[in-house]
Amino acid sequence: MLLTVNLYWAIYTEGWKKRAENRTIIQYLPYVTRWDYLATMFTEAITVNAPERLESVQVPKRASYIRVLMLELSRIASHLLWLGPFMADIGAQTPFFSIFREREFIYDLFEAATGMRMMHNSFRIGGVAADLPYGWIDKCFDFCDSFFTEVVEYQKLITRNPIFLERVEGVGIIGGEETRNWGLSGPMLRASGIQWDLRKVDRYECDKKFDWEVKWQKEGDTLARYLVRIGEMQESIKIIQQALEGIPGGPYEN
């Protein structure tokens, strides 16, 4: 089974590389958003970050702030799509509906800023495709205020629930050494005691301007991975609020 999956993935990635051979970056960006429909903004980011670094392209400050807003909203949307079905899988249907409601609010923000709810085609070498529309910042502030309250409600409903704890605590333990050997990343890595976050290590975009913490746990079980993702959503809200408050004027594309 593993061999079949690896073979499929090898053929899949080779196909994407072949498509890139006769296309410009702008022509190729709509393809990369389909690599991972949970993290479309991130696949766009890595596609434009590489040529920007190779050619020392300067990204306007406003564009960098807009990118951070889109990336952190994308992170929250991804974590929510993990959390809702995860809770349903272990027998809790109630959180599923409110979680997807919050995710739809994020997609409303994406649609207003990029014209698309999922496959955005928003990033460009040296900036972004379009500036934020009138009223978008206020709408995003409203989302942050409401969502922060919702996360607190998720924690009250889920985190100390004895049935939930019985099904996740001490289950699926992955040690720190295993995470390295298996090439795990993101919350999977940070839930196993490794405080590695590219936003701190690589300092891409303007993340160094914001005050936030790397969320991590040392237990490496399913509960730890849940706690990391819950914590990361709260930290993402902090980053978004700081970016909204400090977003500068000026051009959105070099």
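Colleague: Before we look at any residue, what do buried, exposed and partly exposed mean here?

Modeller: Buried means under 20% relative accessible area, exposed means over 50%, and partly exposed is in between. Keep in mind that this is a predicted model. Phenylalanine 96 has a relative accessible area of 22%, so it counts as partly exposed. For phenylalanine 97 the value is 58%, which means that this residue is exposed.

Colleague: Good. How do I read a pair of aromatic rings?

Modeller: You describe it by two quantities, the distance of the centres and the angle of the planes. In this model the count is 10 aromatic pairs. One of them joins phenylalanine 96 and phenylalanine 97: the ring centres are 5.6 Å apart and the planes stand at 80 degrees, so this pair is edge-to-face.

Colleague: And what is the arrangement of phenylalanine 143 and phenylalanine 147?

Modeller: That aromatic pair is stacked, with 5.3 Å centre to centre and 20 degrees between the planes. Both residues belong to helix H6 (residues 136-159), where they are 4 residues apart, about one turn of the helix. Phenylalanine 143 and phenylalanine 147 are both buried.

Colleague: Which residues form an aromatic cluster?

Modeller: Trp82, Phe86, Phe164 and Tyr226 form one. Tryptophan 82 also has a charge over its ring: the charged end of arginine 229 sits there, 4.4 Å from the ring centre. Elsewhere, the charged end of arginine 103 sits over the ring of phenylalanine 100, at 5.7 Å from its centre.

Colleague: Now the interior. What tends to happen to nonpolar side chains in soluble globular proteins?

Modeller: They tend to be buried together. Here the largest nonpolar core has 56 residues, and those with the most contacts inside it include Met70, Leu73, Trp136, Phe147 and Phe164.

Colleague: Last one: which residues make the nonpolar surface patch of about 290 Å²?

Modeller: Trp196, Leu198 and Val201 make that patch. Valine 201 is placed in helix H10 (residues 198-201). Its relative accessibility is 43%, so valine 201 counts as partly exposed.

Note on methods: Residues are numbered from 1 along each chain as its sequence is written. This is a predicted model: local features need pLDDT of at least 70, side-chain atom pairs count only at pLDDT 80 or more; totals for chains, interfaces and linings use all residues. Side-chain values use heavy atoms; hydrogens and water are left out. Rings of Phe, Tyr and Trp (its six-membered ring) pair if their centres lie within 6.5 Å; planes under 30 degrees apart count as stacked, over 60 as edge-to-face and the rest as tilted. Buried means under 20% relative accessible area, exposed over 50%, partly exposed in between (1.4 Å probe, protein chains only). Helices (H or I, at least four residues) and strands (E, at least two) are DSSP runs, numbered from the N terminus. A charge sits over a ring if NZ of Lys or CZ of Arg is within 6 Å of the ring centre and within 35 degrees of the ring normal. Patches are made of residues with over 30% relative accessible area and no salt bridge: like charges are joined within 9 Å, nonpolar side chains (Val, Leu, Ile, Met, Phe, Trp, Tyr) within 5 Å. Accessible areas come from the Shrake-Rupley method with a 1.4 Å probe; for residues, only the protein chains shown count as cover. A salt bridge is a side-chain nitrogen of Lys or Arg within 4 Å of a carboxyl oxygen of Asp or Glu. A nonpolar core is a set of buried Ala, Val, Leu, Ile, Met, Phe, Trp, Tyr and Cys residues joined through side-chain atoms within 4.5 Å.
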